[in-house]
Amino acid sequence: MNLYMGKMLVVDLSAESVTTEPLRAEWLREYWGAWGLALAYYTDAVSPEVDPLAPENAVVIMTAPLCGTLVPLASRMCLVSKSPHTGTIFESNVGGSFGPELKYAGYDGIIIKGRASSPVFLKIDDDRVSIECAEHMAGQGIFETEKLMEAAMGAHGAKTLAIGPAAENLITYSMIGSESYRQFGRGGTGALFGSKNLKGIVCRGTGGVRVADMARFLERTDHYTKNDLLCDDNLWAKTDGTPILVEVTNEMGIHPTRNYTKGFNGRKDRLNSDAIQAAKLGNRACASCPMACGKFTRVNSAEIEGPEYETLCLGGSNCEVHDLEAVIRFNRLCDDLGLDTMTCGSTISLAMEMTENGVHDFKLRFGQVDEYLKVVYEIATLSTERGRDLAKGAKHLAAKYGAEDLSMEVKGLEMPAYEPRGNFGMGIAYATSERGACHLRAFPIFATDPHDIDALVSDVVDAQNANSIKWSLGFCDFWGTINTTIEADLMSAGLGEAVSAEELDQAGERIWTLSRLFNLAAGFTAADDTLPKKIMERPLEAGRHEGRVFSRPDLARAIQSYYQLRDWSAKGIPSSRKLAALGLDKKTL
């Protein structure tokens, strides 16, 4: 097959079996790859009512059709399952080189089922695939686990996915690390591996990806690389990376500070792009990427690739920690122990506000570095009472102590680092995201009017559909100017078949709608399409939008407008007409 390897790896850990099955060709022109194709496999195999941490749950890891080719920024792969943190359908994607390596080994994806009786790891060496003992890796951090798996492969440069102690302890915001500093970050992907006693996966492949017409494929790739990717709208990722957003969001007044109390950090200069550039050692790129947005940094003995913007804000400004060395240490602890920095930082900032407001004394205060770093280990290892409290995430922490008005989450997922009171579009995007508060579904921070609800609803719908197909084709978010016309042209050249922008547009809406159907079947309703009480009732302090709230009436109007634009009912249920148009009318969950 052109672009696809034509084969799925099926791992049943309960049965200790590894088999292969042909790729479901009938789904390719509907779901294409990565997010979409993984979603199709997952919803076909698992009930929406499944316990995410039960052996009956499945994890689907899927590459994308252009992954492993020379198309730049197209090497990301997706993981789809039901989140143990939110109970929603969940997609997470990671860059690096594992995706291409899996395709070079001969597989489009991996379906993981069951639960091993003791810790194991999966070893993929081309067509030699085995389940190996990982008891000697138990309790090890991600960095050491990756070294041990690579040694077991006996080949330097083998690619890895690994979990740390946080995932072994089933912490619902634990993550899966890859190549040290890449992550399937949010929603508890690590706990999914941990629940299956799967410590990691190591992969080596020696094959390649076939395209229909190499000369045309390379010509099209070169054309779009020179004339669209490497332009001023995208080159910020190469020169500055995501830390540039520290200045951007502060200027916009949407930079969460002090547990989302303020929209501006007056000490931002200690965490901004200039601070990162001063600490930078070098750059690092994913496979086939000329941007190399990863920035290796060091302050004194603290060293890491990063921190990225979300960590600088949620582990920095939002905790009022303005010490870059401390944020780097926080980031490194999370990366090694296996915790999502966004949820971890947001939960710590909540505990800081609860302490300072007299709700409960966690011995955590804004700007206090020692306890801020100490509690990360306590969370990952569940070694103290406050660690066990914070390990449940913001929603459950707030509920336990009656502080729901301070918790900043949607559908249980802690909010990203963009303040909705300063940009209603981000609020609409958070409220309607299938996996809870997420900035990777729609990102309307550059809207002309950040409070024009009608225009922003339309922007959010368009972006959710566009990103659904963009993630399904494996593209990185940092090719910001790519569209379905470019995607269709590249796919046509690779497949040797005509692909239109219109069918990719429709596939994006199909993927988004199927995710909605899963969540409805899992018990979510329109009442879950909402925002934190603090956003709707407490005026924002500091910054350009000081005094703003995103009121309940405004949010209700936005949500109903969103439903209408999607042809969903007032209760957020897709119409039979819409389902038929998308080919989902006969879909059973």
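Which residue lies over the face of tryptophan 27? Arginine 24 does, at 3.9 Å from the ring centre. A charge counts as sitting over a ring if NZ of Lys or CZ of Arg is within 6 Å of the ring centre and within 35 degrees of the ring normal. The charged end of arginine 441 likewise sits over the ring of tryptophan 35, 4.4 Å from its centre.

The model is predicted: local features need pLDDT of at least 70, side-chain atom pairs count only at pLDDT 80 or more, and totals for chains, interfaces and linings use all residues. Residues are numbered from 1 along each chain as its sequence is written, and side-chain values use heavy atoms, with hydrogens and water left out.

The largest nonpolar core holds 157 residues. Such a core is a set of buried Ala, Val, Leu, Ile, Met, Phe, Trp, Tyr and Cys residues joined through side-chain atoms within 4.5 Å. Buried means under 20% relative accessible area, exposed over 50%, and partly exposed in between (1.4 Å probe, protein chains only). Trp32, Leu339, Ile348, Tyr372 and Ile379 touch the most other members. Helix α2 (residues 34-45) gives the most to this core, with 8 residues. Helices (H or I, at least four residues) and strands (E, at least two) are DSSP runs, numbered from the N terminus. Another core, of 28 residues, lies apart from the largest one; Met77, Phe98, Leu102 and Ile124 are among its members. Beyond its neighbours within four places in sequence, tyrosine 372 is in contact (heavy atoms within 4.5 Å) with residues including Gly315, Phe330, Ile348 and Leu364.

Aromatic rings also pair. Rings of Phe, Tyr and Trp (its six-membered ring) pair if their centres lie within 6.5 Å; planes under 30 degrees apart count as stacked, over 60 as edge-to-face and the rest as tilted. The count comes to 16 aromatic pairs. Tryptophan 35 and tryptophan 512 have ring centres 6.5 Å apart and planes at 75°, so this pair is edge-to-face. Tryptophan 35 lies in helix α2 and tryptophan 512 in helix α20 (residues 501-521), so the pair ties together parts that are 477 residues apart in sequence. Both tryptophan 35 and tryptophan 512 are buried. Tyrosine 418 and phenylalanine 443 have ring centres 5.0 Å apart and planes at 85°, so they too are edge-to-face. Tyrosine 418 is buried, at 2% relative accessible area, whereas phenylalanine 443 is partly exposed, at 31%. Tyr309, Tyr418, Phe443 and Phe446 form one aromatic cluster.

Charged side chains form 39 salt bridges. A salt bridge is a side-chain nitrogen of Lys or Arg within 4 Å of a carboxyl oxygen of Asp or Glu. Arginine 29 pairs in this way with glutamate 503, the closest N and O atoms being 2.8 Å apart. The pair links distant parts of the chain: arginine 29 is in helix α1 (residues 28-31) and glutamate 503 in helix α20, 474 residues apart. Arginine 29 is partly exposed, at 32% relative accessibility; glutamate 503 is partly exposed too, at 22%. Glutamate 305 and arginine 284 also meet in a salt bridge (2.8 Å, N to O). Glutamate 305 belongs to strand β15 (residues 302-305) and arginine 284 to strand β13 (residues 280-284). Here glutamate 305 is buried, at 6% relative accessible area, while arginine 284 is partly exposed, at 22%. Salt bridges that share partners join Asp125, Asp127, Arg128 and Arg204 into one network.
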